[in-house]
Structure formats: structure tokens, C-alpha cells
Amino acid sequence: MASPNSWKRTRDGSCAALDFLRQHVARNGDVKAPAFAACKKLTNEQLEAVKQVRTPQAIKEDPLGGRITIILAAAASGKTTTMLALVKVLYAFGHGTKEGEYALFAMFNKNAAVDGNKRLSLDSEPAIQKSVRLCTSHS
């Protein structure tokens with residue numbers, strides 16, 4: 001995986017993280033396009049949450065299994081934007097592409113879950129929407 005410093009944006013706005021995605025995401029351009037577009041909008045701090053994504057096969061081979069991403073930040077700081085980008089990258093890496101599999105996106109309250117679902121439905125294609133279950137942490 002790329003080193004943490006390679007995820008920093010340079011002055012011209014380029015980012016090694018996007019190069020990493022180009023190399024490691026499935027070769028189908030239609031699958032990658034939403035992930036690239038979402039990541040281009042993220043700050044360096046938001047990219048830190050995305051950089052830990054691995055393929056389903058890599059997770060199966062890891063004795064510790066998968067990872068949980070928890071994003072704690074102030075109101076209106078971009079948590080939902082970061083999570084929606086993360087969902088698109090997870091899908092591009094092959095998560096949620098098989099029937100019965102999905103990524104869990106848990107929000108702390110109903111309003112946040114409603115907003116997240118609305119933004120997901122407006123900003124993502126149906127296949128990506130099916131790859132994630134967005135709910136409150138209480139449901």
C-alpha cells in the first residue's frame with residue numbers, strides 16, 4: 001500500500017492517492033470513475049480515511065481480517081462527503097459487488113442517516129447504492 005506521505009496533495013493539486021487508485025482498482029473505467037471523482041474533492045485529512053481500503057481478497061488473506069473506519073469530526077466538516085467517497089472506493093475495489101454482500105455505513109442519528117441516504121441516491125449510480133447499507137448505529 002502507498003505510504004501515508006504519498007497521499008498528500010501537491011501544490012498543483014495532484015495526489016499520489018489517485019495514482020494508487022488507478023493502479024489497484026479494477027480495470028473497468030466505469031467502475032473507477034465515481035471513485036476518482038469523489039476522491040478528487042477530498043482534503044488530505046479526508047483521504048487518510050480512504051487510503052486504508054483493500055480488496056476483498058486481501059482482507060480474506062489477512063489474519064486480522066477487515067478494518068473499521070470511524071470518522072469523528074465537528075459538525076459540517078465533511079464526514080458524510082468522506083464516507084460517500086469511501087463507499088465509492090470500496091465498490092471500485094470490489095466490495096459489495098456480489099449478491100448479499102455490502103458495506104455497512106452507520107450514522108449516529110436518524111437525521112444524519114436520512115441525509116446520507118439522500119446524498120447517496122442523488123450522487124451515486126444504482127450499483128453503488130446497492131453495495132452499501134446506510135443506517136443508524138441503533139438499527
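Let me begin with a term: a residue counts as buried under 20% relative accessible area, as exposed over 50%, and as partly exposed in between, with a 1.4 Å probe and protein chains only. What we have here is a predicted model, in which local features need pLDDT of at least 70 and side-chain atom pairs count only at pLDDT 80 or more, while totals for chains, interfaces and linings use all residues. Residues are numbered from 1 along each chain as its sequence is written, and side-chain values use heavy atoms, with hydrogens and water left out.

Now to the charged pairs. The structure holds two salt bridges, a salt bridge being a side-chain nitrogen of Lys or Arg within 4 Å of a carboxyl oxygen of Asp or Glu. In one of them D123 pairs with K88, and the closest N and O atoms are 2.6 Å apart. This pair links distant parts of the chain, since D123 lies in helix α6 (residues 110-123) and K88 in helix α5, 35 residues apart; helices here are DSSP runs of H or I, at least four residues, numbered from the N terminus. K88 is buried, at 5% relative accessible area, whereas D123, at 43%, is partly exposed.

R119 forms a salt bridge with D115, where the closest N and O atoms are 3.9 Å apart. These residues are separated by about one helical turn, because they sit four residues apart in helix α6. R119 is partly exposed at 29%, and D115 is partly exposed at 32%.

Finally, I70, which lies in the loop between α4 (56-61) and α5 (79-92), is exposed, with a relative accessible area of 63%.

How values were computed: Helix = DSSP H or I, 4+ residues; strand = E, 2+ residues; numbered from the N terminus.
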